[in-house]
Amino acid sequence: MFIDTHCHVFSEYYDNIDEVVNQCKKNNVNRIIVNGCDINSNKEVLELVNKYDVIYGAIGFHPTELDDFKDEYFEFLENNISNPKIVAIGEIGLDYYYDNTDKDKQKEIFKRQLDIANKYNKPIIVHSRNSIQDTYNILKEYNLFGSIHCFSGSVEMAREFIKIGYKLGIGGIITYKNAKNIREVVKNIDLSHILLETDSPYLTPVPYRGKSNSPEYIPLIANTIADIKNISINDVSEVTTANAEEIFDFFSK
Ligand code: NI
């Protein structure tokens, strides 16, 4: 069994979510964590987890989606975080890719969400783009755990995040020929620190690159990791599923 620990399977991107779920089951992808980014997608997460047994949710506010952010959204998180199928706060973090971004606002809202994760003892799913050092400095101040989604730092940075309680989300980029950096990370970091993810509909793995991504493609990512580490895809499946189960509580009722 495989788990997709990070994707955005929303009606905005998929005409037929029933079909996505069916394809996942066929490919042995039996749990997928759909991550909200703004108030509307977070509300859809709550609907999806009710409708589909294989779908679990993370709710949170993404650093590039904060223009219309309202203080009451923190209450929204607190009101829904105890839903047994909401397994994390995410997708949250820092994104300095765009020049006009308000870094202070991003940091403040990130920290407020970390406080909520701390209060309810929930794991977090972290987005970090052009901001890895600031992300690390903030997380180091907390005693939390979770996933550094779409990890793109160095082997040294990977080790630092692991030391403070995080696993590394590895997705479709690992299948790209020019992804030297992340291949080095996967080669040098023990499989016990790695989580599988697709970030669907983005970052589609080879050979479907250029098309829309789907959590059903998780085995392609697992296969590439198996090749790099010279182990079987079965080992990748077993260990990464156990890793995800160590972080996310899929069994609370
Ligand atoms: Ni994402």
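Predicted model: local features only at pLDDT ≥ 70, side-chain atom pairs only at ≥ 80, totals over all residues.
Colleague: Why is Cys24 called buried?

Modeller: The cut-off is under 20% relative accessible area. Cys24 has 0% relative accessibility, and therefore counts as buried. Beyond its sequence neighbours up to four places away, Cys24 touches Val29, Ile32, Pro215 and Glu216.

Colleague: Which atoms coordinate the nickel ion?

Modeller: The donors are His6 (NE2), His8 (NE2), Glu91 (OE) and Asp199 (OD), at 2.1 to 2.3 Å. Along the chain they follow the spacing H-x1-H-x82-E-x107-D.

Colleague: What makes the arrangement around the nickel ion irregular?

Modeller: Four donors count as tetrahedral if all angles lie between 85 and 135 degrees. Here the 4 donor atoms subtend angles of 83 to 169°, and the arrangement is therefore irregular.

Colleague: Why is helix H8 said to be largely enclosed by the rest of the structure?

Modeller: Of its 12 residues, 9 are buried, so H8 is described in that way. Among the buried residues are Ile218, Ala222 and Lys229. Their cover includes strand E1 (2-7), helix H7 (180-188) and helix H9 (233-247).

Colleague: How do you know that the span of H8 agrees with expectation?

Modeller: At 1.5 Å a residue, the 12 residues of H8 (residues 218-229) should span 16 Å; the end C-alpha atoms are 17 Å apart, which agrees. After H8 comes Asn230, with a positive phi near 55°.

Terms used. Residues numbered from 1 in each chain as written. Heavy atoms only, no water. Donors = N, O, S within 2.8 Å, 3.2 Å for Na, K, Ca; no water. Tetrahedral: all angles 85-135°; square planar, octahedral: opposite > 155°, others 65-115°. Buried < 20%, exposed > 50% of the residue type's maximum accessible area, 1.4 Å probe, protein only. Contact = heavy atoms within 4.5 Å. Helix = DSSP H or I, 4+ residues; strand = E, 2+ residues; numbered from the N terminus. Expected span 1.5 Å × (residues − 1).
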